[in-house]
Amino acid sequence: MKFLSTAAALLVCLAPVSTTARSLDFLKSSQSPIQVQGKSVEGDNPLEYCTDPSGDVLNIKSVNLSPNPPLPGKTLVIEASGTLREKIEDGAYVLLEVKYGLITLLKQKADLCEQLVNVDLECPLGPGDMALTKKVDLPKQIPPGKYNVHADVYTKDDKRITCLDAHNIEFKGPF
C-alpha cells in the first residue's frame, strides 16, 4: 500500500509549497528515462495532461523526477513548480486510479486536503506561484511490472485543478 500512497502523492503533490531538499547521488541505471507521448508536462517526468490544461486552476510550469524512471528501494526526488490561479480549500478532491498492467489496484475518490499532508502541505493553498521539492523513499518490494496512474483533481466546487496521467511506469527491481 505504500507504493499506492506514493503514486497518489506524486500526482497530488503538484499543488506545491517552497521547501528545500539536499541533492542526492544515485546509482547509475541502464534504464532509459520514461518518454511520454501526447501533451507532456514540462520537465523530466512521465506525466501528461489528460485534457487541455489551459482552463485548469493549476498551471504546472515543470516537474522533474530524480531518478527517472523511479527505482524500488531508492529515494525519489520530486521538484515541481506552478501557479495556482485561485485558492484551494477543504472539500477539494482527487479521483485516483492505479493500474498494474490491466489490473486495477486502486480506484477511489480521496479528500485532497487529507492527501496533501503526504507532501507536507495543508489546506487552504494559494493562489500564486509555488515550488515544491519532496523526497519519497520508495519501498524495495514494489512488484516488477508496468504501472499506470490517473489523477483527476477538483476544487470543492467541482472546478478542475488538474488532470494527469503517468503511463507505463516500469519497475524492474533495484540496481
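Modeller: One term to begin with: buried means under 20% relative accessible area, exposed over 50%, and partly exposed in between, using a 1.4 Å probe and protein chains only. This is a predicted model, where local features need pLDDT of at least 70, side-chain atom pairs count only at pLDDT 80 or more, and totals for chains, interfaces and linings use all residues. Residues are numbered from 1 along each chain as its sequence is written, and side-chain values use heavy atoms, with hydrogens and water left out.

Colleague: Is tyrosine 147 buried or exposed?
Modeller: Tyrosine 147 is buried, at a relative accessible area of 2%.

Colleague: How many aromatic pairs are there?
Modeller: There are three aromatic pairs. Rings of Phe, Tyr and Trp (its six-membered ring) pair if their centres lie within 6.5 Å; planes under 30 degrees apart count as stacked, over 60 as edge-to-face and the rest as tilted. One of the pairs is tyrosine 100 with tyrosine 147, with ring centres 5.0 Å apart and planes at 55°, so this pair is tilted. Tyrosine 100 is in strand S4 (residues 93-100) and tyrosine 147 in strand S7 (residues 145-154), so the pair ties together parts 47 residues apart in sequence. Strands (E, at least two residues) are DSSP runs, numbered from the N terminus.

Colleague: And how accessible is tyrosine 100?
Modeller: Tyrosine 100 counts as partly exposed, at 27% relative accessibility.

Colleague: Why is the pair of tyrosine 147 and phenylalanine 171 edge-to-face?
Modeller: Because the planes of tyrosine 147 and phenylalanine 171 are at 80°, with the ring centres 5.7 Å apart. Phenylalanine 171 belongs to strand S8 (residues 160-171), and it is 24 residues from tyrosine 147 in strand S7. Phenylalanine 171 is buried, with a relative accessible area of 3%. Ring pairs join Tyr100, Tyr147 and Phe171 into a cluster.

Colleague: Now the sheets. What is the strand order in the open sheet of five strands?
Modeller: The order is S1-S8-S7-S4-S5, with antiparallel pairing. Two strands pair if DSSP finds at least two bridges between them. At the edges are strand S1 (47-49) and strand S5 (103-111), each of which pairs on one side only. S1 and S8 run antiparallel and are joined by three bridges. Glutamate 48 is opposite aspartate 165 in S8.

Colleague: Which strands make up the open sheet of three?
Modeller: S2, S3 and S6, in the order S2-S3-S6, again with antiparallel pairing. Strand S2 (58-66) and S6 are the edges with a single partner strand each, so one side of each has no neighbour in the sheet. Strand S3 (residues 75-84) pairs with S6 over ten bridges in the antiparallel sense. Threonine 83 faces aspartate 129 in S6.

Colleague: Last topic: which residues have the most contacts inside the largest nonpolar core?
Modeller: Val63, Ile88 and Ile161, in a core of 40 residues. A nonpolar core is a set of buried Ala, Val, Leu, Ile, Met, Phe, Trp, Tyr and Cys residues joined through side-chain atoms within 4.5 Å. S8 gives this core its largest share, five residues. Contact means heavy atoms within 4.5 Å. Not counting residues up to four places away in sequence, isoleucine 161 touches residues including Ile88, Leu112 and Val153.

Conventions:
Helix = DSSP H or I, 4+ residues; strand = E, 2+ residues; numbered from the N terminus.
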